Amino acid sequence: MKTFIKNFIADESGASAAEYALIIAVVGVGIGAAALVLGANVESAVGTAANEVYNCNKSGATSGTYTGQSCATQSGAATVS
């Protein structure tokens, strides 16, 4: 029985599995955090683009004349804020 306990305490083969599990957990948390941040940034960018398209359409712009900073109307350029 003494030999078994000595061998059990000295055995480090399970330590590598625990270390791998810890590494996987840390990487998983990092990926989750990055996904949340990326999702918020994509949501913001899509919302901004949708607002610009809406404002351009609301101003009475001619189809296909959006330049990125303003959209042209029949009487000139309307600035989009």
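Which residues make a nonpolar surface patch of about 650 Å²?

**View 1. The nonpolar patch of the predicted model.** Met1, Phe4, Ile5, Phe8 and Ile9 make this patch. Patch residues have over 30% relative accessible area and no salt bridge, and nonpolar side chains (Val, Leu, Ile, Met, Phe, Trp, Tyr) are joined within 5 Å. A salt bridge is a side-chain nitrogen of Lys or Arg within 4 Å of a carboxyl oxygen of Asp or Glu. Phe4 lies in helix H1 (residues 2-10) and is exposed, at 55% relative accessible area. Exposed means over 50%, buried under 20%, partly exposed in between (1.4 Å probe, protein chains only).

**View 2. The fold and its surface.** The order along the sequence is α-α-β-β-β. Helices (H or I, at least four residues) and strands (E, at least two) are DSSP runs, numbered from the N terminus. Of the 81 residues, 6% are buried.

**View 3. Confidence by element.** Helix H2 (residues 13-58) has the highest mean pLDDT among the elements (88), strand S3 (residues 76-79) the lowest (48). pLDDT is the predictor's confidence in each residue, from 0 to 100. Over residues 74-78 it is below 50. Where pLDDT is low, the predicted coordinates should not be read in detail.

**Notes.** Residues are numbered from 1 along each chain as its sequence is written. In this predicted model, local features need pLDDT of at least 70, and side-chain values use heavy atoms, without hydrogens and water.

Technical notes
Predicted model: local features only at pLDDT ≥ 70, side-chain atom pairs only at ≥ 80, totals over all residues. Patch = residues over 30% accessible without salt bridge, like charges linked within 9 Å, V, L, I, M, F, W, Y side chains within 5 Å. Areas by Shrake-Rupley, 256 points an atom, 1.4 Å probe, with all protein chains shown as cover. Contact = heavy atoms within 4.5 Å.
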